[in-house]
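Please look over the structure below before reading the numbered points.

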Amino acid sequence: MTDSLPSGLPAPRPPVDLRLDRPTPARMYDHFLGGKDNFAVDREAAERVKQAIPNTYEIVWENRFFLQRAVRYLAEAGIDQYLDLGTGLPTQGNVHEIAREIIPDARVVYVDNDPIVLAHGRSLLAGSPGTTVITADMREPHAILGNTDLQALIDFSRPVAVLFVAVLHFIRDSEDPAGIVKAFRGMMTSGSYLVLSHLTTDGPPPAAVTRTVEVYESATSPIVFRSRNQISQLFDGFALQRPGLVRPWQWRPEPADTMHTKWLYAGVAQISDTPTGRH
Ligand SMILES: C[S@@+](CC[C@H](N)C(=O)[O-])C[C@H]1O[C@@H](n2cnc3c(N)ncnc32)[C@H](O)[C@@H]1O
């Protein structure tokens with residue numbers, strides 16, 4: 001993506017709220033993954049994170065491969081509808097592409113609060129009926145659940161997978177990340193699944209965590225690392241599936257996945273009828 005237009009060309013109207021003055025998590029993540037849909041302000045911030053965490057590339061791809069294995073596992077279990085919260089910019093192996101390898105008419109709703117995701121997602125999804133991208137904030141679950149485009153695709157009376165992959169660490173404690181998961185859980189019927197990964201304080205060098213938190217203070221969203229215990233509490237009301245809450249690369253690994261870091265925890269859980277799931 002270019003940062004400025006050649007002179008003489010009329011500037012297209014930018015999408016509402018497309019922030020060019022501050023880095024955004026979606027565009028920084030795109031840079032970490034090796035994408036081109038980011039601006040200088042994002043690349044500068046991302047490079048500062050890479051100075052603090054030299055293996056950023058491994059971390060983001062380890063997370064991405066977990067997402068793909070989890071969706072494949074759920075599609076093989078017969079899940080044909082997905083709500084992907086905090087989608088990020090389209091990259092290789094998006095949720096609908098993975099799910100549709102197994103269930104060709106799987107329906108997928110993508111939600112992100114960064115309007116650049118809608119701009120790029122629309123072109124990816126053009127000609128893919130049964131998918132949509134919504135610009136919305138997961139801190140407002142009821143607005144998402146009441147969205148008519150979502151309601152046209154997701155039938156909450158049947159099992160659904162709700163994905164919070166590498167997103168809840170953009171939610172402050174004061175914004176109640178567990179309450180957000182709980183609001184979606186309230187709509188999920190028996191047999192539904194939660195897929196979740198999260199940055200952790202358990203493993204990484206504390207100084208690198210601190211430097212990363214400082215970089216995101218200049219971004220549109222802060223970043224919050226949590227302990228394994230705090231992350232496990234996000235699964236309340238769900239029963240973790242084997243192998244439990246583990247490093248993303250430990251979750252049903254495939255031989256080709258060689259990214260092994262200590263920066264995240266991840267798990268897949270099924271809704272449980274008891275008030276608290278097993279961790
Ligand atoms: C690190 S990316 C993860 C993308 C994808 N889930 C993955 O794991 O590959 C986090 C995404 O969450 C989005 N996000 C952050 N806070 C959000 C919020 N409050 N509501 C919706 N999306 C949010 C960001 O814009 C970004 O695209």
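The points below begin with the model itself and then turn to helices and rings.

1. This is a predicted model, in which local features need pLDDT of at least 70, side-chain atom pairs count only at pLDDT 80 or more, and totals for chains, interfaces and linings use all residues. Residues are numbered from 1 along each chain as its sequence is written, and side-chain values use heavy atoms, without hydrogens and water.

2. Helix 1 (residues 25–33) packs against helix 2 (residues 40–52) at an angle of about 60°, and their axes are 9 Å apart. Helix 1 is therefore oblique to helix 2 (angles under 35 degrees count as roughly parallel, over 145 as roughly antiparallel, 65 to 115 as roughly perpendicular and the rest as oblique).

3. On the helix 1 side, the contact is made by Arg-27, Met-28, His-31 and Phe-32; residues of helix 2 in it include Val-41 and Lys-50. Contact means heavy atoms within 4.5 Å.

4. The whole structure holds seven aromatic pairs (ring centres within 6.5 Å; planes under 30 degrees apart are stacked, over 60 edge-to-face and the rest tilted). Phe-66 and Trp-251 have ring centres 5.7 Å apart and planes at 90°, so this pair is edge-to-face. Because Phe-66 lies in helix 3 and Trp-251 in the loop between strand 6 and strand 7, the pair ties together parts 185 residues apart in sequence. Both Phe-66 and Trp-251 are buried (under 20% relative accessible area, with a 1.4 Å probe and protein chains only).

5. The rings of Phe-170 and Tyr-216 are tilted, because their centres are 6.0 Å apart and their planes at 50°. Phe-170 and Tyr-216 are both buried.

Terms used: Axes are lines fitted to C-alpha atoms, for helices over the stretch in contact, and angles run from 0 to 180 degrees between N-to-C directions. Helices (H or I, at least four residues) and strands (E, at least two) are DSSP runs, numbered from the N terminus. Buried means under 20% relative accessible area, exposed over 50%, partly exposed in between (1.4 Å probe, protein chains only).
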